[in-house]
Amino acid sequence: MVLFIVAIGALYASPNLYGEDPAVQISGLRGIETNAATLDVVKAKLDESKISYASIEMEGGQILARFKDTEQQLRARDLLDESIGDEYSVALNLTPATPEWLATLGGTPMKLGLDLSGGVSFLMEVNMKEAINKAQESLVDDFRTGLRGEKIRYRSVKQVDDAIAVKFRNIEDLDQAESFLEKQNQSLLFVSDEDSLTLTARMTEQKLKETREYALQQNITIIRNRVNELGVAEPLVQRQGQKHIVIELPGVQDTAKAKEILNATATIEFRLVDTDGDLGAALNGRVPGSSQLLKERNGQPVLLKKRVMLTGDHIVDAGSSFDEYSRPQVNITLDSAGGSKMSNGTKNSIGKPMATVFIEYKPTDRVDSEGNTVFEKVEEVISVATIQARLGKTFRITGAGSQAEAHNLALLLRAGALIAPIQIVEERTVGPTLGAENVQLGFQAIMMGFGLVFLFMLIYYRAFGVVANLALGANLVLIVGVMSMIPGATLTLPGMAGIVLTVGMAVDANVLIFERIREEIRAGKSVQQSIHQGYDAAFSTIIDANITTLIAALILFAVGTGPIKGFAVTLSIGILTSMFTAVVGTRTVVNAVWGGKRLDKLSI
Amino acid sequence: MQILQLKETVAFMRFRKVAVVFSLILMAASIFSLATNKLNFGLDFTGGTLIEVGFEQAADLNKIRAMMDSNGYDDAVVQLYGSSRDVVIRLATRENVKAEMLGNQVLDILQAGTGQTIDMRRIEFVGASVGDELAEQGGLAMLTALICILVYVAFRFEWRFALGSVIALFHDVLLTLGLFSVLQLEFDLTVLAAILAVIGYSLNDTIVVSDRIRENFRKVREGTPEDVINISLTQTLSRTVITSITTLLVLAALFFKGGALIHGFATALLLGVFVGTYSSVYVASSVALALGISKEDLIPEVIEKEGADQEEMRP
């Protein structure tokens, strides 16, 4: 069984021996699918420019083209980025050159952390104060329109610290307002003060939590979307704690550009389609003064009125669902000011088409006189829909296409209304040379540490030292095997230090056992008895000692971030595998070699 | 081969009082140094920006400093890092909105000023608030670790041992921190991780000793608790020494081969292993003895048949 487990470990550790192929990874942007047709286009483009590729195939909704060398890879990237870069993200990648039979068994090499592979990691913080503030501002608006609608007279509605205060002229209005507002806003706590004729509303803890949660989730969605635009292979966007988002971009060197994209702003505008204007004439350059020619995502030109009916900052929420004919639709909720603007804007336009325009400020390669990157305003029509009725605070857009597209549109609409600004609070960039150096240094340290312990054990325990060294080797193979098997485990530089440390500490179990055996022999017991006693007596000590170290490692894992987590991972795995190899593993070997024989002396 | 062949029991506990005084002096010195010198907190905790660049030729630090000065970064700390071509530039946090762009700006300045192709090796930017949070989290992590271990050891052994081992851990952590403070070595996240690893290591040692003390209290019929502890320490001494040697061997490998980034980590562990080895012999058992550990405390416990559960694990 020991052999079997070590063999499995070795099998899953083996993908790490194979190198990596340079590759280009192509995935669709903004809901565009990559399919067999795209594959043909890519193939044709590559053949046309006589770029030879090793293989090209669909893998998990993406196209992966492998190349023989990096030169071909770079040429292919530039070519593809130029030709289809608008619709697809074209990213450089290194794909493991794991042989097929291993890959089908689920064998993958270890994932390297950013400090080893090179790349940049950001920690972004969501401004929660602003998120709550915005939510309260919209409540103030809601209160005003609500009270006006109910014809309840009030003196003022104001935001006071973390509450909203409504002042009235008399007690009757106050009571009326209280019962009305309480019914409308279940998630608020109302307190009325009859002396000053003031009604104070405060968000409940639950509501505050929801608001924060929503702000965080929204930012994560938007950042994911932007990161996809960056064209990075295997990016990671993950929440961390209550208000932080971790972004890891392996292989990215141009951090300035990455930051600009992450910090870029996007908005949404609703505008009417100019149905009177002549599209044909506009295409020939005669655009009416009050209109503008824009393109839809599929390249179809649309003539839009320049006047903006509504901007995206009035959008409170957007989501996708199905209408009564189970067609996908996008539901939009506006704040009250937005609701009345929309209502006024659509009053006389029923039956006319309305366009949703997505505006993004993308950094360009140009630089202005002060050295700042020039941002280019990119406008894109993401949907054209016919106005069916006068629209109010909530409305829906149907006919946006597939469900995926509706979902995407909702996401973009929400992106136009970032409720809480975000800021980069931490950055760690590791250049490719330092990364490669770290791998080399870590590898050397592991080998040297291993070699020293190996020699020491051999000299000190002779034959039993050989057994301990076998266990140590098996332990190293198992750590690498387990690290490769666990999908979330990442190898970092401190992680490599963790492996080195486990090598030193793993022999401890064997030292405990062997010292015990020596003691028993000295006490005059027979060799077989001593071996048996040595293992038995040391066992509970080994368990206790390792469990306590494991506690420390697990706590480190729970609170640590990035590289520190990597250390905790290898340390924990190392403790577990070393217990197996040092106790069960060596016992098996010892039994096989020395078991059942009458011995007078032991080489220990 | 054997390093230690002890025929006689060493009367470790005879020097107990000396050890206690010695430890107390060292702890007081550590606290004093921590209070006056403070820890030299790294970027992870203070916040700020760090840029590491590699030059083609040996770097002229004065020239770089002048370059930084003339561009308004007069607070820049410029140092060599590992080799004469590697330079690290540290900048404090600024009231600047675009604090995260600092690193890139410095790179541009260096590129323009030296005319050499410089290799961006690493940029680290940590916002001030993040640093505070990390320091808080780190302290919390250490406290949680100590409490969890206290509970586990109290559950597995006896409260006197638990208290003894936790005091030993506290002693180790304090002395390691103290040494970092005296030597003014940079204290960053990896060092914090190393200190938690020291907790794990030192505990490992203490448990092995406590385990043997417990066993001997049951086995050895005669003798005072002090004698039993002396016997146990003598019996485990060669194991303690050998494990320390193998651990120190790998740490030496890390220290000399691991590179500049791992240096602080290896240093903390090297110091910690030394202190931990000493404390497992003296601190933990002295405390248990001082608290009045005796045979009766350990005997009534139902003696589990050691190794009984091992049968199943055998292949």
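A: **A strand in close view**

Strand β21 of chain A, residues 422–430, runs antiparallel to β5(B), and five bridges join the two. Strands here are DSSP runs (E) of at least two residues, helices are runs (H or I) of at least four, and both are numbered from the N terminus. Two strands are said to pair if DSSP finds at least two bridges between them. In general, strands of a sheet pair through backbone hydrogen bonds, in a parallel or an antiparallel manner.

The model is a predicted one: local features need pLDDT of at least 70 and side-chain atom pairs count only at pLDDT 80 or more, while totals for chains, interfaces and linings use all residues. Residues are numbered from 1 along each chain as its sequence is written, and chains are lettered from A and ligands numbered from 1 in the order in which they are written.

Eight of the nine residues of β21(A) are buried, so the strand is largely enclosed by the rest of the structure. A residue is buried if 20 or more other C-beta atoms, placed from the backbone, lie within 10 Å of its own; it is exposed if there are 12 or fewer, and partly exposed in between.

The contact between the chains involves 64 residues of chain B and 66 residues of chain A. Residues are in contact if their C-beta atoms, placed from the backbone, lie within 7 Å. On the side of chain B that touches chain A, the elements giving two or more residues include β5 (119–126), α5 (128–156) and α8 (225–257) of chain B. The most comes from α8(B), with 14 residues. By class, this side of chain B has 34 nonpolar residues (Ala, Val, Leu, Ile, Met, Phe, Trp, Tyr, Cys and Pro), eleven charged ones (Asp, Glu, Lys and Arg) and 19 polar ones (the others, Gly among them).

Elsewhere in chain A, four strands form an open antiparallel sheet in the order β7-β8-β10-β9. Its edge strands, β7 (156–160) and β9 (188–193) of chain A, each have a single partner strand, so one side of each is left without a neighbour in the sheet. From one strand to the next, the twist averages 20°. Strands β7(A) and β8(A) (residues 163–167) pair antiparallel over five bridges, and A:Val160 has A:Ala163 of β8(A) as its bridge partner. Helix α6(A), residues 128–149, packs on this sheet, touching β7 and β8 of chain A, and its direction makes about 165° with that of β7(A). Helix α7(A), residues 171–184, also packs on the sheet, touching β8, β9 and β10 (198–203) of chain A, at about 175° to the direction of β9(A). These angles run from 0 to 180 degrees between N-to-C directions, with axes fitted to C-alpha atoms, for helices over the stretch in contact.

Chain A as a whole has 16 helices and 22 strands, and 42% of its 604 residues count as buried.

Key:
Contact = placed C-beta atoms within 7 Å.
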